[in-house]
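User: Hi! I am new to reading protein structures and would like to learn how to do it step by step. Could you walk me through this one?

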Amino acid sequence: MTTHENNAQQDALAPISSVPEWSPRSAASVTSLLLVAVLLGAPAYVLVVLVPDFLARALNQREWTYLARLGGPIVRRLLSSGTLARRSRWAPKRFASALGLGMLLMILAASFAGFANVAMGLTATMAALASLEALFGVCVGCQIYTHLLGRLGLVTPCPDGRCSL
């Protein structure tokens, strides 16, 4: 039995919460656009609108997330139908949302405390990470989740590294 088949067998035994691939990519699209706007001169306080959505996803309250709904039309135009039908595990996406929330709060704190260079550096980093998810489906927070908890033996690593189902 291959590793992929073994993982699939283990996953079949335990219920796995999943999310359509387009949903986190939609949220990442809207997030990327707002972060780039701040990098281009918009005030950092516009990022406050992201906090409730990141918090909802981090606390597993998906019904309260609005970024995926806003970005859905953008992502649906960019992705092929095969990618739209794919599903991703929710736990790594939730972990990534918690990391994003932490980074977002650090950006806002640095900005309001007058550390403009720190805030811009963090904003550029978060924009790059969100863009990876939005454009290519590469979730760095998911990779951290999989490798960190996989090393501890708490999760089964994803066979393709993207935690797609």
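User: Which side chains meet Arg 57 in a salt bridge?

Analyst: Good place to start! A salt bridge is a side-chain nitrogen of Lys or Arg within 4 Å of a carboxyl oxygen of Asp or Glu. Here the side chain of Asp 53 meets that of Arg 57, at 2.7 Å from N to O. Before we go on, this is a predicted model, in which local features need pLDDT of at least 70 and side-chain atom pairs count only at pLDDT 80 or more, while totals for chains, interfaces and linings use all residues. Residues are numbered from 1 along each chain as its sequence is written, and side-chain values use heavy atoms, with hydrogens and water left out.

User: What is pLDDT, and what is its mean for the chain?

Analyst: pLDDT is the predictor's confidence in each residue, from 0 to 100. The mean for this chain is 81, and 75% of the residues reach 70 or more. Where pLDDT is low, the predicted coordinates should not be read in detail.

User: How many helices and strands does the chain have?

Analyst: Helices (H or I, at least four residues) and strands (E, at least two) are DSSP runs, numbered from the N terminus. This chain has 8 helices and 2 strands. Starting at the N terminus, their order is α-β-α-α-α-α-β-α-α-α.

User: Are Asp 53 and Arg 57 buried or exposed?

Analyst: Buried means under 20% relative accessible area, exposed over 50%, and partly exposed in between (1.4 Å probe, protein chains only). Both Asp 53 and Arg 57 are buried. Their helix, H3 (residues 51–58), is largely enclosed by the rest of the structure, because 6 of its 8 residues are buried. Across the chain of 165 residues, 39% count as buried.

User: How many salt bridges does the structure hold?

Analyst: There are 2. The other pair is Lys 93 and Glu 133, whose side chains meet at 3.1 Å, N to O. Lys 93 lies in helix H6 (residues 90–112) and Glu 133 in helix H7, so the pair ties together parts that are 40 residues apart in sequence. Both Lys 93 and Glu 133 are buried, with Lys 93 at a relative accessible area of 6%. Beyond its neighbours within four places in sequence, Lys 93 has contacts that include Val 19, Pro 24, Cys 139 and Cys 142.

User: At what angle do H3 and H6 pack?

Analyst: Two packed helices are described by the angle between their axes and the distance between the axes. Axes are lines fitted to C-alpha atoms, for helices over the stretch in contact, and angles run from 0 to 180 degrees between N-to-C directions. H3 and H6 pack at about 145 degrees, with their axes 8 Å apart. In this contact, residues of H3 including Phe 54 and Arg 57 meet residues of H6, among them Trp 90 and Leu 101.

User: What is the phi of Asn 60?

Analyst: Most residues other than glycine have a negative phi, and most peptide bonds are trans. Asn 60 has a positive phi of about 65 degrees although it is not a glycine. Asn 60 is in the loop between H3 and helix H4 (67–78), and at 34% relative accessibility this residue counts as partly exposed.

Technical notes: Contact = heavy atoms within 4.5 Å.
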